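This report describes selected local features of one protein chain.

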Amino acid sequence: MGKTQIYILILLLYFAGIPFGAQAQYFETGQEPASIKWRQINTEHFRILFPEGYEKKAQRMANILDTVYYMDTRSLHAKPPKISLVMHTTTSNSNAYVAWAPSRMEFFTTPSQASYPQRWLQQLGLHEYRHVVQITKVRQGMTKILSFILGQQGTAGVIGLYIPPWFLEGDAVVAETELSHSGRGRVPDFEMRIRTQVLEKDLYSYDKAVFGSYRDFVPNHYELGYQLVAFGRSRYGTDIWNKALDNTGKRPYAVTPFNQGIRKSSGLQKTELYKTSLQSLSLAWKKQLLETKTSDHQRIKISKNDFYTNYRLPSFVNEQLILSLKSGMEDISRIISIDEAGNEQIFIHPGAILPDALSYADSMIAWAEFKSHPRWEARSFSNIKILNLRNGKLRQLTKGQNLFAPAFSSAGDRIAAVKTGPAGKYSIIIISTDDGRILQEIGSEENYFFQLPSWYDHDQKLILMAVGDYGKKIISIDLATAGIEEVSKYTWEEISVPIVVQDKLFYIGSASGVSDVYAIDLNSGIHYRVLRSAYGIADLGISPDEKKLVFSVYTADGYRPAYVRIEDLPWELKSGIQNKGPAIIRLSAAITEAWSLKRHLYLTGPIRSGNTPV
């Protein structure tokens, strides 16, 4: 018996020994409520299953996927067979996955408050379908034979054995970035953690970067994988990954088929590719850092932490105390206060807090918290909770809804929050702090997805972000008339956390390739950059006297709370700012032209009248 035949026999015996019981043929994350009536839309390449009442969104999803099929399959040269998509609409979870055995995609349709300038369904389509293309690409040669013998588990087994998660997710992030005007590859915060680690703590070993550490913070496989896959493509062309997947599919009996495929195209082992990629990026990041003049600001002194720790969502309790959400590798999340000397007091360890917003007013703290249904795993809620610091009492203000980013009015008598409905409708609601009654609900004709509202103009108006078909913009809502006014035009730049202080609108933007603080003069409409950082800034708040901004600044050891006096801010015209980030984060320049040509397919594509019961 030859060497190749021995390898094949060993592989077959290995798979034959995997204990796949009958019930283990299926992977699921939970059941939907039994009351749901399911319907379906069939296209040439997709079968879309969705709850009754979600038809309009499902129609758009069908058009998006038709476009995605055309775009996502090009660089890997694979044409997947028809696949099912299950759309989960009764959850507060923002996620999606591709499962094999049986093959399908599952989308959780509620967007995140941290989502970037792209409609959520388009983002899911681009990213998740790329996984389907990857799996199809591997199903060739010996792997195809194994799939005939073992079913879909054969292909899944080869992928699980040989293809690292950093490639699967990194390649999907490259696809979502390359094939759209947005995507995580264009968001500075997505590369911020790995950039800071490389520049401040040096390059970790390949094993540590891939498998993580219990002592040091290690960026996840999405962040690492994007850099490796994008660098590989920019340096060696798309064939580097085509050959790696081809070799894995055809020769799964080899010890390291994926690694061999990389070496055929680049001459490098995967560990060498890792070092070469990040060393090259390190040079570009150092140059970017040298060209960045950081702004003066005052950091809050914190107690020494032996592990990576984040202080997020800071806001002023008074002139001496700052409220923050503290989380890290050594403890669960807790809401604390911290003074300028670094003294901390824990107010509460919340439940499954959604780290998008933490609001303070009139000795009360409000946040949104995730809650699973006791019976249906695929049903969940996001409820608003309030802690009264005067008496220490915690109460749940809302129940059984999907509400996000609560923001107290200045008087503390009302809360503004983002609401998502099961039919895919988004709105802003105003809630009474006393009893949780909905006092007002405001939507939009364009069905904007609203983000991070805050109050201004004596609590008569809200300022917030709106995600639409052409990116993200800042809007104002007049609560007296429910009228929506555009404050800034659509942009594909990532912008977030708007607050109004007198006649200035402050927000966080990414025009320079780093998340900095920008401002709009509401009288003139002129945009400025007013605060620059080395690695990135998140969150914005204002002191009670409206003289200081508080924010979170990123360091190699996590986010740290800081503040600056508004009168000390430098005002630099935004129009002269250039993106200093490495070109690797702007992959799509030529390819998005093709996407733009196909855009009409998902914006104004055909309405399929044939959606039928399942």
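This is a predicted model: local features need pLDDT of at least 70, side-chain atom pairs count only at pLDDT 80 or more; totals for chains, interfaces and linings use all residues.

**Salt bridges**

The structure holds 34 salt bridges.

| Salt bridge | N to O distance | Accessibility class |
|---|---|---|
| Asp171 with Arg130 | 2.7 Å | Asp171 buried, Arg130 buried |
| Lys574 with Glu493 | 3.0 Å | Lys574 buried, Glu493 buried |

Which parts of the chain does the salt bridge between Asp171 and Arg130 tie together? In this bridge the closest N and O atoms are 2.7 Å apart. Asp171 belongs to helix 6 and Arg130 to helix 3 (residues 120–138), so the pair ties together parts that are 41 residues apart in sequence. Both Asp171 and Arg130 are buried.

In the salt bridge between Lys574 and Glu493, the closest N and O atoms are 3.0 Å apart. This pair links distant parts of the chain, 81 residues apart: Lys574 sits in the loop between strand 30 (572–573) and helix 13 (591–603), and Glu493 in the loop between strand 22 (483–486) and strand 23 (495–501). Lys574 and Glu493 are both buried.

Beyond these pairs, a network of salt bridges links Asp516, Arg529, Arg532 and Glu572.

**Helix 11 and a buried glutamine**

How many of the 10 residues of helix 11 are buried? Helix 11 spans residues 257–266 and is mostly covered, with seven of its 10 residues buried. These buried residues are Pro257, Phe258, Asn259, Gln260, Gly261, Ile262 and Ser266. Their cover includes helix 5 (152–162), helix 6 (165–178), helix 9 (221–236), helix 10 (239–250) and helix 12 (270–290). Helix 6, which is part of this cover, also holds Asp171 of the bridge to Arg130. Just after helix 11, Gly267 adopts a positive phi of about 75 degrees.

Gln197 is located in helix 7 (residues 188–201). Gln197 is buried because its relative accessible area is 8%, and the buried class lies under 20%. Leaving aside residues up to four places away in sequence, Gln197 touches Asp202, Leu203, Tyr204 and Pro219.

**Backbone geometry**

Most residues other than glycine have a negative phi, and most peptide bonds are trans.

The peptide bond from Ala101 to Pro102 is cis, with omega near -10 degrees. Pro102 is placed in the loop between strand 4 (94–99) and strand 5 (104–109).

Ser363, although not a glycine, has a positive phi of about 60 degrees. Ser363 occupies the loop between strand 11 (359–361) and strand 12 (364–372), and its relative accessible area of 21% makes Ser363 partly exposed.

Glu546, likewise a residue other than glycine, has a positive phi near 60 degrees. The loop that contains Glu546 runs between strand 27 (537–542) and strand 28 (548–555). Glu546 is partly exposed, with a relative accessible area of 35%.

How values were computed
Residues are numbered from 1 along each chain as its sequence is written. Side-chain values use heavy atoms; hydrogens and water are left out. Helices (H or I, at least four residues) and strands (E, at least two) are DSSP runs, numbered from the N terminus. Buried means under 20% relative accessible area, exposed over 50%, partly exposed in between (1.4 Å probe, protein chains only). Contact means heavy atoms within 4.5 Å. A salt bridge is a side-chain nitrogen of Lys or Arg within 4 Å of a carboxyl oxygen of Asp or Glu.
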